Amino acid sequence: MLLGAAGPAAAASFLERLERDELQFFPNDDPAMKAAIAKARATLPDFLAKAAHPRINQRSFALKVEVLLLDGRSEFIWVTNFANVGDDFIGLVDNEPRLVPGLKRGAFLPFRRDDIADWLYLEGDRMVGNVTLCVLLAAAPDDLRSARDHFGLDCSQLAGAPQ
């Protein structure tokens with residue numbers, strides 16, 4: 001499972017590597033990540049309703065979409081400016097894909113509801129959603145505090161999540 005975009009910069013903080021859009025590798029069968037994805041999928045209808053009719057202080061709605069690779073792995077891609085009819089979606093790729101051949105930032109990506117692994121939006125200065133990031137940051141307490149302080153990321157939405 002590939003989340004975000006990791007490389008050789010081991011000395012950099014996890015958040016710095018995410019800001020540079022580096023790949024982050026994660027096991028496909030990790031129970032915490034599977035629980036986070038299940039949480040995001042369970043709350044997707046509420047997110048989609050908010051995206052369709054945002055309040056004045058809500059913006060930057062995005063979906064994290066799982067794209068299956070031929071070798072059985074997945075790359076997760078952030079998509080913005082999305083639209084859907086039923087279970088069919090299309091949106092603009094909002095990060096630089098590394099492993100999906102021919103897919104680039106700014107391209108249209110069609111996908112299905114079952115491909116959605118996470119979502120996020122900004123409400124004022126606070127990030128809502130992005131539960132998969134909470135799992136990635138669980139092993140990096142300093143970065144988790146930094147994300148909470150900088151983005152207003154609330155990881156308490158996941159049972160047993162660190163704060």
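Which element supplies the largest share of the lining of the second largest pocket? The answer is S4, with 4 residues.

Before I go on, a word on the basis of all this: the model is predicted, so that local features need pLDDT of at least 70 and side-chain atom pairs count only at pLDDT 80 or more, while totals for chains, interfaces and linings use all residues. Residues are numbered from 1 along each chain as its sequence is written, and side-chain values use heavy atoms, with hydrogens and water left out.

As an overview, the protein has 5 helices and 8 strands, where helices (H or I, at least four residues) and strands (E, at least two) are DSSP runs numbered from the N terminus. Read from the N terminus, the order of the elements is β-α-β-α-α-β-β-β-β-β-β-α-α. Of the 163 residues, 44% count as buried, a term that stands for under 20% relative accessible area, with exposed meaning over 50% and partly exposed in between (1.4 Å probe, protein chains only).

Let me return to the pocket. A pocket here is an open set of points on a 1 Å grid over the protein atoms alone, where a 1.4 Å probe fits, with protein on both sides within 12 Å along at least five of seven lines, and its lining residues have an atom within 4 Å of a point. The second largest pocket holds about 150 Å³ of space, the volume being the space filled by probe spheres set on the points, which are joined across faces, edges and corners. Its lining consists of Leu48, Ala51, Ala52, Ser60, Phe61, Thr80, Asn81, Phe82 and Asn84, and at least two of the lining residues come from each of helix H3 (44-52), strand S3 (58-68) and strand S4 (74-85). By type, the lining divides into 5 nonpolar, 4 polar and no charged residues, taking Ala, Val, Leu, Ile, Met, Phe, Trp, Tyr, Cys and Pro as nonpolar, Asp, Glu, Lys and Arg as charged, and the others, Gly among them, as polar.

One of these lining residues deserves a second look. Asn81 lies in strand S4 and has a phi near 45 degrees, a positive value in a residue other than glycine. Most residues other than glycine have a negative phi. Is Asn81 buried or exposed? Asn81 counts as exposed, because its relative accessibility is 58%.

S4 and strand S5 (residues 88-93) are antiparallel and share 5 bridges, with Val79 bridged to Val93 in S5. The hairpin of S4 and S5 has 2 residues between the strands, and Gly86 takes a positive phi near 65 degrees there. S5 in turn pairs with strand S6 (residues 108-112), again in the antiparallel sense and over 5 bridges, and Leu92 has Phe108 as its bridge partner in S6. Further along, strand S7 (residues 116-123) and strand S8 (residues 126-129) pair in the antiparallel sense over 4 bridges, and their hairpin, also with 2 residues between the strands, has Gly124 in the turn with a positive phi of about 65 degrees.

Finally, what does Gln58 touch, not counting residues up to four places away in sequence? With contact taken as heavy atoms within 4.5 Å, Gln58 touches Lys50, Tyr121, Leu122 and Glu123. Gln58 lies in strand S3 and is buried, because its relative accessible area is 7%. A polar contact is a pair of N or O atoms within 3.5 Å, and within protein one must be able to donate a hydrogen and the other to accept it, while residues adjacent in sequence count only if both atoms are side-chain atoms. The side chains of Gln58 and Glu123 are joined by such a contact of 2.7 Å, and a polar atom of the Gln58 side chain lies 2.9 Å from the backbone nitrogen of Arg55. Lys50, in helix H3, is partly exposed at 26% relative accessible area, and its side chain makes a polar contact of 3.4 Å with that of Tyr121.

Conventions. Two strands pair if DSSP finds at least two bridges between them.
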